[in-house]
Structure formats: structure tokens, C-alpha cells
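Here is a quick tour of a two-part protein model. Have the sequence and the 3D view open as you read.

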Amino acid sequence: MQGIVISDVIIGILATGVRLLAPFLFASLGEMFCQRSGVFNLGVEGIMMMGAFVGFFVTLRLGNPYLGVVMAILAGIVLGLLMALISVTMQAPQGISGIGLHMFCWGLSGLLFRVYVGFITSIDGFKPLPIPGLADIPVLGPILFQHNWMVYLSILFVPISWFVLFKTNWGLKVRAVGVAPQAADTLGVNVNAVRYQCLMLGGALAGLAGAFLTVGQANMYADNITAGRGFIAVALVYFGRWNPVGILLGSLLFSMMNSLQLWIQVLGINFPYEFAVILPYVVTIAALAVAVKNVWAPTALGKPFRRESI
Amino acid sequence: MKKSNRLVQSLSQVALLAGALLLALLVGAILIAIAGANPLVAYKSMFLGPFSGKFGMTESLVKATPLLLVGLGVVTSFRSGILNIGGEGQMVMGAIAGAAVALAFPKWPAVILLPLTLIVSVLAGAVWGGFAGWLKAKLGVNEILSTVMLNSIALQLCLYLIRGPMIDPEEIAYGTGTPQTAQLPRQIWMARLVKGTRFHWGFFLAVALAFVVFIFLWRTTIGYRMRAAGEGPDAARAAGINVEKYQILAMAMAGGFAGLAGMVEVLGVHRRVLEGLSAGYGFSGIVVALFGRLHPIGAIPAAILFGMLTLGADMMQRAVAIPAAIVMAIQGLVVLFVVGSDIFVRHPEIWRRWFRKKDPDTLGRLEADSAGNRN
């Protein structure tokens, strides 16, 4: 009896961990493209908040979670454009403009929620979509193959973004612009256009990540539902060394820890709730401390591009 | 000649700041309209509210006090080339540490207990900020990310303390369980200067410290080295300045100011540590520093301005039911527009390019250059 329960709990922790991968993966992979092109987008957390609200709100009003996801992505693209306008065209210091974007989205999502909803209410989000055949495999089935479509999509995004970044012409441009913008410019690559594209892509994925939190996971919206996941996603890009595979590993670490924290609460283990919440933040700092020193980074990261000749 | 140039420069900077604020308020008006209220009515209560009588005027300064203190720390860190986003967490750490000391020695006279409490809060904030600086200097950890994480850690740590070990015994006795500490010993409360308001002398402490920071950064060797580390770390290193050391110091100072802000907020306003003490001041302090042009004296009017805006937003919430959250959105826009418009300060030639009809070809550029020489 005892043995069965413990194995159920372990499967539960792992399954929840896989489910919680999605927001980290979406947001980090998007941020990876931004940073590969040389732009440090700290606004991810804010864009996720807006994505979470928009996805929730559209689903609540129109009853269609797919439309919610689409609108959240659109909102993310618009906010990515705003970040691009300030950081690429106006060449603002990116750390500060990202915090500005975060504050704007934080205030705006709070404002819209209070005005248009005002109370906690639940929505009909996405249902799990067990993959026929695979879902029935013992142990592996519940862990990997009984999630909603967004989870599968986020994992699929890992090989896709690897392919786009390393095997396509556009990916080559992105990497070139992030390492040697002057040289890329000389060869006829429009540096700022590539950065705009990356910020829009990053915004779209951050919006998607936010929408997952409300439409694909919690089925409701509350203030600060992102709980710093956007900032952790930015840290994951460093931790994963600007590589989709590294980002997958880092995301797994964090989603498993998130899952563990949730299960600690669910099981009522006598452990102060606040310390369980603190855990991911502490590990983020530790991970950054271990991972970052003396590692290759896009050399033009954080440096606005400006043609010398103007 | 040179003097008038400087005057033109500072006037154009003020114009840019005003433009950034106006643009942010314009977008804010659109948001208010979307939220279903008349922007003119809403802004009327937001801007006139703080001027309505004794309460409005003093309460604006009450709100300006933590803004200025956090802002001074942000100025110091930004000037040293390191970005402190951790004001929220440092405030909370300062407040909870100071309160712990004050509650431990409730019978001590104010002459000893008040300075001790303030010093402990400064030290707690300094440790919290300095740790991020140390992580940056020794391990290359991005300070923005680490301070953001430290914010969340500090908030949870404080929540744990005020829900558990440090909760007001009366909250348990009456079974209400509101997460807050007991009231701090009465003798160290910061005196209120105007009857019937919350205006306390913390504001003057903050203003005095602004002048201290100015003298420190511009008139002492350490301050000079910190600014040198911020202006050009490579050049500073070549000149034998230990850039990392001064950046750790800058973060510790930034944390110290934020910690003090937390304690002053406790001693002057709430008299105890409670949930939501930092109230976004850690982020708004960044706005104040940027709006004060990263100058400690400039931060004084900026803090008063945003103190009024914060209070005005509260008053607007009561008048037309627009959530005060909008002030955070407007502040975010102010940050975006201020750092965005900075390009006109760094590259004034862009003005000229924008006001010319055609794209600049070589001839046009030469013309512009010769026109510039004639001035």
C-alpha cells in the first residue's frame, strides 16, 4: 500500500513537472532569439502578465481558449514592438527599458483586471489531450503523454528553434547580428530589422507563455500569476548558454522544482509554505553563479547598433 | 558662450523630461478612456487632489520620502555602472531587521534605540544589496536578475516572519491573524510635524541625505572613483581603480538607502511592519532617479512630483473608480520614454536630420555641418 502511494506521488511530481515546462520553454526560447540578436529583453515578465490576462479575458468573454491564445500572442507582438522601438530604434539602455516595460505591463494588467473582471473566476481552459497508444504506457504515459496540446507544442519548439537558429538563413543572420553587427551590416544584413523580428518573436512567445498560465494551467487569473517566471526565463537563457538544448535542461530543472513545491503544499508536508516558494529563486541565483562566469555570450548583447557613418 | 550652451542643454533636458511625462500621461488618458472613465475628470482629481488642503500637500511629501531615499540609492548605483532593481527587497529587509531590534529592546531610551534601529535597517539593506554586487563582481551574475530574485526572496522571508515568529501577539490573542508585527516602541516613532496628518520628519532626513550623496559622489575621492567606474570601467581599471570593489560598495549603499526607506516608512507612517510595506516604491525609485537625471539633487523634485502622482492616483481611484494600478503603468511609460528620448541628448544631430525634408546625402550632411560651424 505504502509503496503504491509513493510511486503515485513520484509520477505525479514528474507529470506536473513536464506540464509546467511549457511557460519556461516558450518564454526562454523567445528570449534566446532576442539575446542571440543582441537585445536583452527584461520585459518578458511583463509581457507574460499581459499574455496571461489577455488569454484569460478573451476566453472568459468569448468562451474560446484558442482565440485567447491568439490574442495573447498578438498582445505579446505589440509589446515586443514597443520594446524594439525604445531599445533598437531609440537605442535605450536595455536593462532599464525592460524594467520600464515590465512596470507598464504590471500596471496595465492590474488595471484591466480590476476594471473588467474584478474578482477571481474560473474559465474553461484546455483539456488534456492524451496521445492514443502512448498515453497508456505505464509510468511514462502519465508523465509524458497526458497533457494539453500547448505542452507538446512547447517541447516541439526545442528542436524547431534549434533548427531555425543553426540551420536556416534567418538563424544565421540572427547569430551574426548578435556577434558582429558591423560586419553583418557591411554584408547587407539589416541589423535593426533582424532585431525587430527577434523582439516580435520573443514577445509572441512570452505572450504564449503567459496565456498558458491562465488557459492551459490555472484556468483562472490572479494578480502576479507569473510569480517571477519571466525573470527566471531570462536567467534560463544564460543558464542554457543561448542554446535550445541547454534551455530545455534548465527549464526541466525549474519546472520539476516548481512541481515539487506544489506537491509539498498539496501533501501538507510540514514545511513553511514561504520557503517552498523561495526555493526556485534561490536556485536561480545559484544556477547563475555556477553557470555564467567565463562562458561565451553573444558579444553584441546589450549594445544598441548604430552605423558609424551617420 | 559656454555658459549659455550649458543653459540651453539643461533647458532641453527639462523639455525632454516634460515631453516624456506628457506623452506617458497621454497614453494614460487613453487607458483611462478604455477603462470607461472620462480622462479629463480623472486627471482633474489626480492633479488637483494633492493640492487640496493640508492633507494633500503633506501626504504627497509622505509618499515622496521613501521614493527619494530609494531613488538616492538608485542614483548611486547607476552612476557606478551597476543597476539596482532590488529596492523592494532591500526595503523589506531593512524594515524587518530594524523592527526586530526595536521589538527586542522595547524599554531602551529613544536616544539609543532610534539610531540603533536606523543603523540596523541600513546594514540589513546594505547586506541584501551588497550581496548582489558581490555576485556580480566575483561570479559575473547579472545584477538585474539577482536583485529581482532577491526581491522575491525578501518578500517571502518577511511574510514568513510576520505570519509566524514575529506576528503581533494580539493578532493571535484575538484570533484575527493579520500578518503584521506588534507596534514598535512608542518612544522611537518619528514625530508628526503637522497635526492631523502623517507628515513626519523623515522627509527632511531624506532631503538632507540627498545633499550628502551629492557631496559624496562629486566631492570625495571614493565618490569620484565610483563615478569613474560607471562612466568607463576599462578606463577606470587602466587608471588603477578597483572597479569591482566600488561596484560592490555602490550596491551596498543602494541597499542601505532602500533599507532606511523601509524603516522610515515603518517609524513614520505604519508604526509596525505589515504586508505590502514596499508598495512598489523599489520600482518607483528607479523612475525618480531617472527623472532626476541621475543626480541626487534632481531626485528631490522628481520624488515630490511622483509622490504627488502616487497620491493623486489614490484620490482618483476614490473619485472615478479608476484603479490606482494605473500609476504603475504610467511610471513604466515614463521610464520607457525617458530612456528612449535620451538619444536626443547623446546624438543631438538626430534633431537636425528629422527636421530636414530629404534623407541626408553627403551634400546635405556637409551643409548641416557648415551650418553648425556658423553657430
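A nonpolar core here is a set of buried Ala, Val, Leu, Ile, Met, Phe, Trp, Tyr and Cys residues joined through C-beta atoms within 7 Å. For "buried", count other C-beta atoms (placed from the backbone) within 10 Å of a residue's own: 20 or more is buried, 12 or fewer is exposed, and anything in between is partly exposed. With that in hand, the largest nonpolar core has 218 residues, and B:Leu68, B:Ile326 and B:Val335 touch the most other members. Helix H11 of chain B (residues 243-270) gives the most to this core, with 18 residues.

Keep in mind that this is a predicted model, where local features need pLDDT of at least 70 and side-chain atom pairs count only at pLDDT 80 or more, while totals for chains, interfaces and linings use all residues. Residues are numbered from 1 along each chain as its sequence is written, and chains are lettered from A and ligands numbered from 1 in the order in which they are written.

**Chain A overall**

- Chain A has 13 helices and 0 strands; helices (H or I, at least four residues) and strands (E, at least two) are DSSP runs, numbered from the N terminus.
- A compact globule of 310 residues would have a radius of gyration near 19 Å, and the 20 Å of chain A agrees with that. This radius is taken over C-alpha atoms, and the globule rule is 2.2 Å times the number of residues to the power 0.38.
- The C-alpha trace of chain A spans about 75 × 45 × 40 Å along its principal axes.
- Buried residues account for 53% of the 310 in chain A.
- Take the contacts in chain A between residues at least 6 apart in sequence: 78% of them join residues at least 24 apart. Two residues are in contact if their C-beta atoms, placed from the backbone, lie within 7 Å.

**Chain B overall**

- Chain B has 16 helices and 0 strands.
- Its radius of gyration is 23 Å, close to the 21 Å that the globule rule gives for 375 residues, so chain B is as compact as a globular protein of that length.
- Along the principal axes, the C-alpha trace of chain B spans about 85 × 60 × 35 Å.
- Of the 375 residues in chain B, 50% are buried.
- Among chain B contacts between residues at least 6 apart in sequence, 76% join residues at least 24 apart.

**Where the chains meet**

- Chain A puts 40 residues into the contact and chain B puts in 38 residues.
- On the chain A side, the elements giving two or more residues are helix H5 (94-116), helix H11 (229-239) and helix H13 (273-291).
- H5(A) supplies the largest share of that side, 16 residues.
- That side of chain A divides into 28 nonpolar, 9 polar and 3 charged residues. Ala, Val, Leu, Ile, Met, Phe, Trp, Tyr, Cys and Pro count as nonpolar, Asp, Glu, Lys and Arg as charged, and the others, Gly among them, as polar.

**Two helices crossing in chain A**

- Helix H2 (residues 21-36) and helix H12 (residues 244-266) of chain A have axes that come within 9 Å and cross at roughly 145°. Axes are lines fitted to C-alpha atoms, for helices over the stretch in contact, and angles run from 0 to 180 degrees between N-to-C directions.
- Residues of H2(A) including A:Phe24 and A:Met32 meet residues of H12(A), among them A:Ile247 and A:Phe254.
- By class, this contact of H2(A) with H12(A) has 10 nonpolar, 3 polar and no charged residues.

**Residues to click on**

- B:Leu68 touches B:Ala206, B:Ala210, B:Val288, B:Ala299, B:Ile300 and B:Ala303, leaving out residues up to four places away in sequence.
- B:Arg272 lies in the loop between H11 and helix H12 (281-291) of chain B, and counts as buried because 20 C-beta neighbours fall inside 10 Å.
- B:Arg272 and B:Gln183 are 89 residues apart in sequence, yet 4.9 Å apart in space, C-alpha to C-alpha.
- A:Asn224 sits in the loop between H10 and H11 of chain A. A:Asn224 has a positive phi of about 55° although it is not a glycine, and with 12 C-beta neighbours inside 10 Å it counts as exposed.
- A:Ile225 lies in the loop between helix H10 (191-218) and H11 of chain A, and with 20 C-beta neighbours inside 10 Å A:Ile225 counts as buried.
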